Amino acid sequence: MILSLIGLAHATSAFDPTSPEQVFTGQETYTQEGDVQLWSAIERHHDSGSLLKQEAFNSMTAWQDASWSPWINTCFGGGTPDSGSFLLHLAPGEASASGTPVLFVPGAGDNGSRGFITMATKMDQQGRPAYVLTFAHTHGDMFMQAEVVADAIARIKQRTGASQVDVVAHSKGGIAATLYASHHSGADWGGIAYESQGTEYRGDIRRLVLIGTPLKGVDTLYRWSGNNYAALSSETAISPASWSSYYPYTTGAPAWVTDLSDQDMLPDGQDLFPGQRQLLAVQDHPLPGELPWLGAYSLQQDWWTTYYGGFGYYSYSTGIDDAIEAGGDLIARLEQTGIDPDIEAFLLAGENPLMANGAEYIWTAIFGETWVDWATWGTDAWADLYASAIGDTLEPFGLNEDEVQGLMGGKLILGELTGPSDGVVFLDSATYDPALTARGAKVVEEKVVNLSHLDLLYASPVTGQLMIDEGNADPQEDGWQRAVGARYMDADTLGWLVEVLADPEPVDTGDTGDTGEPASTDDTGVTSDTDDSGSPADTGAEDSGGSDRPEGSTSLLSCGVTGSERGVPLGALSLALGVGLLLLRRRD
């Protein structure tokens, strides 16, 4: 059975899903501090196909071995891998798991050991084969990343013998997964090489879960033009600029100009953020500068010329339409194409723009360095700001006293607020069904919860109670956690994911199944014990070392019990579900 599937598993002739370049089973499977094991193994793979090329990095996008990216540099063999490389992280119980495999695909700026660690651990605890992908370049070209998604699925099929996988993707990663799920012989991607060379969808996704994915696009970096001040240096920019030139002494002194071509949205210069222009689309919400009630929030430098093009007081921008064209108008093409009609799609979206300020380096990149200034103001300044912006009671955002305290103390921060959003992606973009349904696919469920963009990945009653307990222990410093924790408990996105990805219950026929014949595949296509030749099933454990653990080690899941044991104490589960929050602390 498995041997017959291996041929189908190949993505491109240049990718061999049976042979990882290197497999890591030692310290690289732990947190950077070495105190918690995250994975049973991490595999590095490489696709040498002509579609996949070297993309440009700067000092901020190059991989490091850091708390937010544990051993990623080591596993890639350097900080600037070419985009044919990718890492596949294997959950602790992967070697003995069963059922439909689950592949998690992270978004921009993320990696396999951060954003999805909590959801992957949850699915591992459910006994499902769970894997998380790390792209070579987190802001990379979407067509390259779609090809890598195809490769990762091929590898998982080879390891498990499954014919289909479930794909769970966040933010930008959702567009890469959607692109692969949409690619067929008649697809129009603007005449580029992917049309003829990209792996056409092979019918190997059972369910596609998109979390905070901008299906209708984003325009954040043009909408909030203050972000450009965090991108004036090509070497330290952590997000692209929507300006092409900056004039520190105003455009009235054109001799003094900073060229932003390396880090802008256009395919010139080094092109440090190629995937970002492919996410662009004009949004149906007023710009901050058109909303005087926002007070200080509306004060975005050169906001009109940034969005529509031209010379402003300090800048020059070609405008968002030029950048959309340069990105091939991918968001519109996806809508015209649609995913394969046999895929069951599910959408998870947030409607709370309030985000923890522990990751302010991210929000600085998105909304501008003004965020850092605001986050360090005193209580009186915060109160004045919000009073002038949205009123003394903050009722338009439904904030309670704990959340107001968190805002005034700089522990929480408001993200995108020119329309309903999760702080980064507008709600109507994250729930835009037409992006998927052009060929008859159905969106089975849209779930909207009271959470922000990253919180969507962590919410459960266990994690929520942990936050409430911390808030109660120190109300003055951490009271804001009570409000966020309550929202975690109510939303329970981890519990929702378990329900959405549940395999069908086996039908009880009263037969013991003891026929003396080799075990056969179940209804998910996963071979249990032997293939149809009677030989032991090839789980891939030997070539990857996926079932091996360092002597005396414990896994993130078990915290003291072996990977084959399924009894998990509540304390261990609390640690497993809460570790993602620890990994999201501010990058040092």
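The structure is a predicted model, in which local features need pLDDT of at least 70 and side-chain atom pairs count only at pLDDT 80 or more, while totals for chains, interfaces and linings use all residues. Residues are numbered from 1 along each chain as its sequence is written, and side-chain values use heavy atoms, with hydrogens and water left out.

The protein chain holds 22 helices and 15 strands, taken as DSSP runs numbered from the N terminus (helices H or I, at least four residues; strands E, at least two). Of its 588 residues, 59% are buried, a term that stands for under 20% relative accessible area with a 1.4 Å probe, protein chains only. Among the contacts (heavy atoms within 4.5 Å) with a separation of 6 or more, 76% link residues 24 or more positions apart.

Strand 12 (residues 344-350) has 6 of its 7 residues buried, so it is largely enclosed by the rest of the structure. Strand 7 (residues 205-211) runs parallel to strand 12 and is joined to it by 5 bridges, two strands being paired if DSSP finds at least two bridges between them; here L208 stands opposite A345 of strand 12. Strand 12 is also joined by 7 bridges to strand 15 (residues 442-449), again in parallel, and G350 stands opposite V449 of strand 15.

In helix 15 (residues 401-408), the residues D402, E403, G406 and L407 are buried. They cover an arc of only 140 degrees around the axis, which puts them on the same side of helix 15, the arc being that of the directions from the helix axis to the C-beta atoms. Just after helix 15, G410 adopts a positive phi of about 80 degrees.

How values were computed:
Buried < 20%, exposed > 50% of the residue type's maximum accessible area, 1.4 Å probe, protein only.
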